[in-house]
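Here is a friendly walk through one protein model, taken a piece at a time. Keep the picture at hand and look for each part as we reach it.

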Amino acid sequence: MQACIHRGSHEIGGSCVELRSSGQRLLIDLGLPLETSGDSARYVPAVRGLDGSDPSLLGVLISHPHIDHYGLLGHLSSSVPVGMGAASRRIIRAASPFMREELPFIQEGWDYQSGVSFDVGPFRVTPFLVDHSAYDAYSFLVESDGRRLFYSGDFRSTGRKGALFRQFCSSPPSDIHALLLEGTTIGRTGLGSKPGSGEYGLERRLVKLFSGTSGLAMVHTSMQNIDRVVSIYKACLKSSRTLVIDLYGAAILEATGNDHIPQSHWSQVALYIPKYQLRLAEKMPDLLERHSRNRISLSMIRSNPGGVTLLFRPLHMSDLESGGCLEQALFIYSMWEGYRERGEYRKVDLWLEKNAVPLSIVHASGHAVTSDLQKLASCLKPLKVVPIHSFTPERYGEFFSSVECHDDGEWWDV
Ligand SMILES: [Zn+2]
């Protein structure tokens, strides 16, 4: 078995790895780079058969529903099967009508079950559910020709599903020849996690902030970061607030298919449809009806702002301002800070300034700290560690033994 990283050997985002064995090929991830401009077609890697013209391309395995891992699927023929967690597929499909630019159509293919192997031509694939800021995220063991490659995907141990990491490390697959290891945090943060820096610590910080605010609490996060939504919901329960979502939020939570995840009909969850979502909501009457049991109006938020935490999106701004809901309000930014540094966030910052709403930043990374990356490497004992999804592959040698760096586009033996 041979492997080629098409993108990701020196960058975070745009991950794509091609595997080849007995003349057959399999792709892992087909992501869009984080920094892009213009037509996404220019970022499509040079892989034969993405247009469906070459049957030796057997399929694409997507590790998780983050755009930097699946965002180029729109350039893949519908005849090429795509593997994904079933909930991931539902989440992307549910999100699509709400996006400014429609998300790629997701081809049919394999639905993963954690720990259950399936064969794709000469490849045997075993997906493992992992803890990550995307819901339904997986690592993969891929076996072929007697060689075994482990693709870590994006993962962490400090989220709400951290037990998955500890379970995995207690009985890892053996005889791994190559570990393709993500290194998002290498060179960015210290070696270990700071106490309270994970998802549970974040929940505690939110409880404090919610409890210390007499007005409306707004939290801006990615609605698809389901772990984060759960942390916010739990903090609401502990501070006697109702979590208010919009129709997009309701659709995403429903798409998880998991009745342990907060849903629009739960007693401490309410639906508010912002003005800018009304027209879209009317086009989806079934969805709207399914989620309207706890629907509230702007005047209901205004009459009891201290009893509400809103999952904020920029389309809420004009409603909240004109509805007079911002007295004593608090705004919490709960995403990667890089997004805020980009120009488009300026509008939200100006709106906060204008309305004298203070901003707090409360975030936890979706990625493993270096000591967890080391734990994974030491339990898998691979013959070589190959850097991927990192801006600092040259630093892997400081933390792992048997590091073998491979450039984008280079073929190497697993
Ligand atoms: Zn990710």
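## The parallel sheet

Start with valine 219, whose bridge partner in strand 15 is isoleucine 332. This is a predicted model, so every value here is computed. Strand 11 (residues 217-220) and strand 15 (residues 330-333) pair in the parallel sense, and four bridges link them. Now widen the view: these strands belong to an open sheet of six strands, in the order 13-12-14-11-15-16, with parallel pairing. Strand 13 (269-271) and strand 16 (359-361) are at the edges with a single partner strand each, so one side of each is left without a neighbour in the sheet. From one strand to the next, the twist averages 25 degrees.

Helix 5 lies across strand 11, strand 12 (242-245), strand 13 and strand 14 (308-311), and it runs at about 145 degrees to strand 12.

## A closer look at leucine 359

Leucine 359 is part of strand 16.

Which residues does leucine 359 touch, leaving aside its neighbours within four places in sequence? The contacts are Phe331, Tyr333, Arg340, Asp349 and Leu352. Leucine 359 can also be compared with leucine 216: the two are 143 residues apart in sequence and 13 Å apart in space, C-alpha to C-alpha.

Six strands make an open sheet in the order 6-7-8-9-10-17, and here the pairing is mixed. Strand 6 (118-120) and strand 17 (384-388) are the edge strands, each pairing on one side only. On average, neighbouring strands of this sheet are turned by 25 degrees against each other, direction ignored.

Follow the order from strand 6. Three bridges join strand 6 to strand 7 in an antiparallel run, with valine 120 opposite phenylalanine 123 in strand 7. The two strands form a hairpin with two residues between them, and glycine 121 in the turn has a positive phi of about 50 degrees. Strand 7 (residues 123-130) has six of its eight residues buried. Seven bridges then connect strand 7 to strand 8, again antiparallel, and phenylalanine 128 has serine 139 as its bridge partner in strand 8. The hairpin of strand 7 and strand 8 has six residues between the strands, and aspartate 136 in that hairpin takes a positive phi near 60 degrees.

Strand 8 (residues 137-144) is antiparallel to strand 9, with five bridges between them; leucine 141 stands opposite phenylalanine 150 in strand 9. Strand 9 (residues 147-151) and strand 10 run parallel, joined by three bridges. Here tyrosine 151 has leucine 180 of strand 10 as its bridge partner.

How many of the five residues of strand 10 (residues 178-182) are buried? The count is five of five. In a regular strand, side chains alternate between the two faces of the sheet. Both faces of strand 10 are covered, with Ala178, Leu180 and Glu182 buried on one side and Leu179 and Leu181 buried on the other. Helix 13 (residues 370-380) lies across strand 9 and strand 10, at about 170 degrees to strand 10.

## An enclosed helix

Helix 5 (residues 226-238) gives the largest share of the lining, five residues. By class, this lining has eight nonpolar, two polar and five charged residues.

There is also one cavity of 30 Å³ or more, and the largest cavity has about 40 Å³ of space. Val219, where we began, lines this cavity along with Thr221, Met223, Leu311, Phe312 and Arg313. Four of the lining residues are nonpolar, one is polar and one is charged.

How values were computed:
Residues are numbered from 1 along each chain as its sequence is written. This is a predicted model: local features need pLDDT of at least 70, side-chain atom pairs count only at pLDDT 80 or more; totals for chains, interfaces and linings use all residues. Side-chain values use heavy atoms; hydrogens and water are left out. Ala, Val, Leu, Ile, Met, Phe, Trp, Tyr, Cys and Pro count as nonpolar, Asp, Glu, Lys and Arg as charged, and the others, Gly among them, as polar. Two strands pair if DSSP finds at least two bridges between them. Axes are lines fitted to C-alpha atoms, for helices over the stretch in contact, and angles run from 0 to 180 degrees between N-to-C directions. Contact means heavy atoms within 4.5 Å. Buried means under 20% relative accessible area, exposed over 50%, partly exposed in between (1.4 Å probe, protein chains only). On a 1 Å grid over the protein atoms alone, a cavity is a set of points where a 1.4 Å probe fits but cannot get out, and a pocket is an open set with protein on both sides within 12 Å along at least five of seven lines; lining residues have an atom within 4 Å of a point. Grid points are joined across faces, edges and corners, and a volume is the space filled by probe spheres set on the points.
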